[in-house]
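Open the model in a viewer and keep the selection panel at hand. The stops below go in order.

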Amino acid sequence: MPVLTTEVKTEKSVAQHSSETQQHASNTATKVQLQSVTKTYTNGCHALLNANLEVKKGEFLFITGPSGSGKSTLLKLLYGQELPTQGEVIVDECNVGALRGDRLSLLRRRIGIVFQDYKLITQRTVAENVTFVLQAQGYTRKEIQRRLEPTLKLVGLLNKADCFPDQLSGGEQQRVSIARAIVSTPPLLLADEPTGNLDPDNSWQVIQILQKLNSFGATVIVTTHDEQLVRRCNQPVAQVRNGQLFRK
Ligand code: ADP
């Protein structure tokens with residue numbers, strides 16, 4: 001995808017001019033960290049118990065575990081939709097639980113999110129669904145146009161730009177939601193059961209797109225209960241069991 005590729009290339013050329021030590025530091029920088037995180041909902045449900053996790057910049061990580069094990073809660077903590085009851089959630093060196101208002105909004109702009117149920121606006125076209133966030137963030141019309149085409153191309157939907165969501169298959173709708181999540185080139189992409197409503201072929205297509213984005217430099221965290229898909233991908237895995245996280 002040209003937009004992402006250009007940015008990653010720029011990063012690479014900057015790195016080429018920096019010292020070896022700096023390159024090493026950037027390659028191993030921590031993107032996401034959970035430090036002894038417990039999340040107890042107000043009804044007393046312990047979704048996470050003393051969970052620890054470290055995800056490096058540029059990593060791809062699957063979070064697996066049965067339904068109700070705490071996977072969505074983990075992602076919600078990363079983008080600040082839920083606050084930890086105990087412990088710290090760090091993203092890009094920011095303590096997410098301590099961010100409020102503009103500072104939280106700014107962090108969220110650097111995180112792309114994909115949901116199981118797509119969350120598309122039914123009265124808007126594919127192109128409008130993908131670009132409305134950019135409009136809300138004050139991108140110029142020219143910049144929006146520059147980003148739209150390569151993004152739709154990356155997810156294989158260039159020919160569907162003027163369709164409405166109900167004219168698309170489930171797999172296509174999920175690819176629109178991925179396009180929306182990545183059009184602002186966020187360095188961190190979170191996908192919560194992105195294949196949960198899809199058949200195996202469409203699931204595989206979605207995972208391949210996520211892996212491609214990772215190859216362009218994005219850090220990608222994907223929750224799923226589809227063990228078969230995880231095995232097929234051969235990517236790092238952390239498992240949630242009874243609120244506890246185990247990195248395989
Ligand atoms: P998963 O994504 O693995 O299915 P969740 O993170 O959604 O798991 O849920 C983990 C546990 O927390 C479950 O027992 C669920 O019922 C509970 N839970 C999730 N959200 C809430 C909430 N807003 N209030 C109370 N309990 C919740």
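The tour starts at the ligand and then moves to the nonpolar cores.

**The ligand**

Bear in mind that this is a predicted model. Select the ligand and show its surroundings: Tyr41, Asn43, Cys45, Ala47, Pro66, Ser67, Gly68, Ser69, Gly70, Lys71, Ser72 and Thr73. By type, this shell splits into four nonpolar residues, seven polar ones and one charged one. Now color helix α3, residues 71-78, which gives the shell its largest share, three residues.

Next, show the backbone atoms of Gly68, Ser69 and Gly70. A polar backbone atom of Gly68 is 2.7 Å from an oxygen atom of the ligand. For Ser69, the distance from a polar backbone atom to a ligand oxygen is 3.1 Å. At Gly70, a backbone N or O atom lies 3.0 Å from an oxygen atom of the ligand. Of the 560 Å² that the ligand exposes when taken alone, the protein buries 65%.

**The nonpolar cores**

Which residues have the most contacts inside the largest nonpolar core? Select Ile178 and Leu210; the core they belong to has 41 residues. To see where it comes from, color β3 (60-64), α5 (126-136), α6 (141-154), α7 (170-182), β7 (188-192), α8 (200-215), β8 (219-224) and α9 (227-233), each of which supplies at least two core residues. The largest share, six residues, is from α8.

Center on Ile178. Leaving aside residues up to four places away in sequence, Ile178 touches Val114, Val155, Val206, Ile209, Leu210 and Leu213.

Last, select Leu34, Leu53, Leu61 and Ile111, which are among the 27 residues of a second, separate core.

Definitions and conventions. Residues are numbered from 1 along each chain as its sequence is written. This is a predicted model: local features need pLDDT of at least 70, side-chain atom pairs count only at pLDDT 80 or more; totals for chains, interfaces and linings use all residues. Side-chain values use heavy atoms; hydrogens and water are left out. A residue is near a molecule or strand if one of its heavy atoms lies within 4 Å of it. A polar contact is a pair of N or O atoms within 3.5 Å; within protein, one must be able to donate a hydrogen and the other to accept it, and residues adjacent in sequence count only if both atoms are side-chain atoms. Accessible areas come from the Shrake-Rupley method with a 1.4 Å probe; for residues, only the protein chains shown count as cover. Helices (H or I, at least four residues) and strands (E, at least two) are DSSP runs, numbered from the N terminus. Ala, Val, Leu, Ile, Met, Phe, Trp, Tyr, Cys and Pro count as nonpolar, Asp, Glu, Lys and Arg as charged, and the others, Gly among them, as polar. A nonpolar core is a set of buried Ala, Val, Leu, Ile, Met, Phe, Trp, Tyr and Cys residues joined through side-chain atoms within 4.5 Å. Buried means under 20% relative accessible area, exposed over 50%, partly exposed in between (1.4 Å probe, protein chains only). Contact means heavy atoms within 4.5 Å.
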